[in-house]
Amino acid sequence: MSREIMQLQGICKSYKTENGEVKALDNVELTVCEGEFAAIVGKSGAGKSTLMNILGCLDTDCSGEYFLDGENVADFCDGKLSEIRNQKIGFVFQSFNLIPTLTAAENVELPLIYRGIERKKRREAVECAMKQMGLSDRRSHYPWQLSGGQQQRVAIARAIAA
């Protein structure tokens, strides 16, 4: 049996607006085991981004429990959450969040620098991720010099570089 890496139990999240309270998530239950792939799908406004922000430890729920690798995320301090985001979770944002003053390769490398990975290993990881994404010939290009699809692939390379 596979190990559970993410488990959500009764997750709820609401937001206050000028028109009252909006329930973005209502009693969400989800288990993802090691080696599984999961897709979060739904219409616009269904709470997909809210759920992804909770799964990525960028936001917290209003109620319920979220276990990551068997540990309750609610017990983590800000430093531990930052460490998790840096070492366990790869992000590909809708807007890609590429830094315009950095080349494609430098954008992929940046989280590895924050992680404290030695320069030679960083460069190898960047080359591998860029090659996987078909971007080896675009490593020195800035985001504004790339197509939308290429920017998206840089963001994916950044998320998978290890």
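This is a working chat about the predicted model shown above.

Visitor: Quick overview first. How many helices and strands are there in the protein?

Guide: The protein has 5 helices and 4 strands. This is a predicted model, so keep that in mind throughout.

Visitor: What pattern do they follow along the sequence?

Guide: The pattern reads β-β-α-β-β-α-α-α-α.

Visitor: And what does the C-alpha trace span along its principal axes?

Guide: The spans are about 45 × 40 × 30 Å.

Visitor: What percentage of the residues count as buried?

Guide: Of the 162 residues, 33% count as buried. On contacts, take those with a separation of 6 or more: residues 24 or more positions apart account for 62% of them.

Visitor: Let's do helix H4. How many residues has H4, and how far does it reach?

Guide: H4 has 14 residues. From first C-alpha to last it reaches 20 Å, close to the 20 Å expected at 1.5 Å a residue. The helix covers residues 119–132.

Visitor: Which residues of H4 are buried?

Guide: Arg-122, Ala-125, Val-126, Ala-129 and Met-130. Seen down the axis of H4, the buried residues fall within an arc of 125°, so they line one face of the helix.

Visitor: Why would a spacing of three or four places give that?

Guide: An α-helix has 3.6 residues a turn, so residues three or four places apart point the same way.

Visitor: What is exposed on the other side of H4?

Guide: Lys-120, Lys-121, Lys-131 and Gln-132 are exposed there.

Visitor: And what covers the buried residues of H4?

Guide: The cover includes H3 and H5.

Visitor: Which side chain makes a polar contact with the side chain of Arg-122?

Guide: Glu-109 does, at 2.8 Å.

Visitor: What else is Arg-122 in contact with, leaving aside neighbours within four places in sequence?

Guide: Besides Glu-109, Arg-122 is in contact with Leu-112, Ile-113 and Ile-117. Helix H3 spans 104–114.

Visitor: What happens at the start of H4?

Guide: A side-chain oxygen of Glu-118 reaches to within 3.0 Å of the backbone nitrogen of Lys-120.

Visitor: And just after H4?

Guide: Gly-134 takes a positive phi of about 70° there.

Visitor: Which residues other than glycine have a positive phi?

Guide: Asn-27 is one of them, with phi of about 60°. Asp-69 is another, with phi near 55°.

Visitor: Where are Asn-27 and Asp-69 placed?

Guide: Asn-27 sits in strand S2. Asp-69 is in the loop between strand S3 (63–68) and strand S4 (71–72).

Visitor: How accessible are Asn-27 and Asp-69?

Guide: Asn-27 has 48% relative accessibility and counts as partly exposed. Asp-69 has 27% and also counts as partly exposed.

Visitor: Switching to H5. What are its length and reach?

Guide: H5 covers residues 148–160, with 13 residues. Its reach from first C-alpha to last is 19 Å, close to the 18 Å expected at 1.5 Å a residue.

Visitor: Which H5 residues are buried?

Guide: Gln-150, Val-154, Ala-155, Ala-157 and Arg-158. Down the axis of H5, these buried residues fall within an arc of 160°, so they line one face of the helix. What covers them includes helix H3 and H4.

Visitor: Pockets now. What volume has the largest pocket?

Guide: About 1,200 Å³. The lining has 32 residues. Nearest the centre lie Met-52, Ile-89, Gly-90, Phe-91 and Val-92.

Visitor: Which elements give two or more residues to the lining of that largest pocket?

Guide: Strand S1 (4–17), strand S2 (20–33), helix H1 (48–55) and H5 do. H1 gives the most, with 5 residues.

Visitor: Last one. Is Ala-38 buried or exposed?

Guide: Exposed, because Ala-38 has 55% relative accessibility, and the exposed class starts over 50%. Ala-38 lies in the loop between S2 and H1.

Visitor: How far apart are the C-alpha atoms of Ala-38 and Ser-82?

Guide: They are separated by 23 Å, with the two residues 44 residues apart along the chain.

Conventions:
Residues numbered from 1 in each chain as written. Predicted model: local features only at pLDDT ≥ 70, side-chain atom pairs only at ≥ 80, totals over all residues. Heavy atoms only, no water. Polar contact = N/O pair within 3.5 Å; in protein donor to acceptor, adjacent residues only side chain to side chain. Contact = heavy atoms within 4.5 Å. Expected span 1.5 Å × (residues − 1). Buried < 20%, exposed > 50% of the residue type's maximum accessible area, 1.4 Å probe, protein only. Arc of directions from axis to C-beta. 1 Å grid on protein atoms, 1.4 Å probe; cavity = no way out; pocket = protein on both sides within 12 Å on 5 of 7 lines; lining within 4 Å. Points joined across faces, edges and corners; volume = space filled by probe spheres on them.
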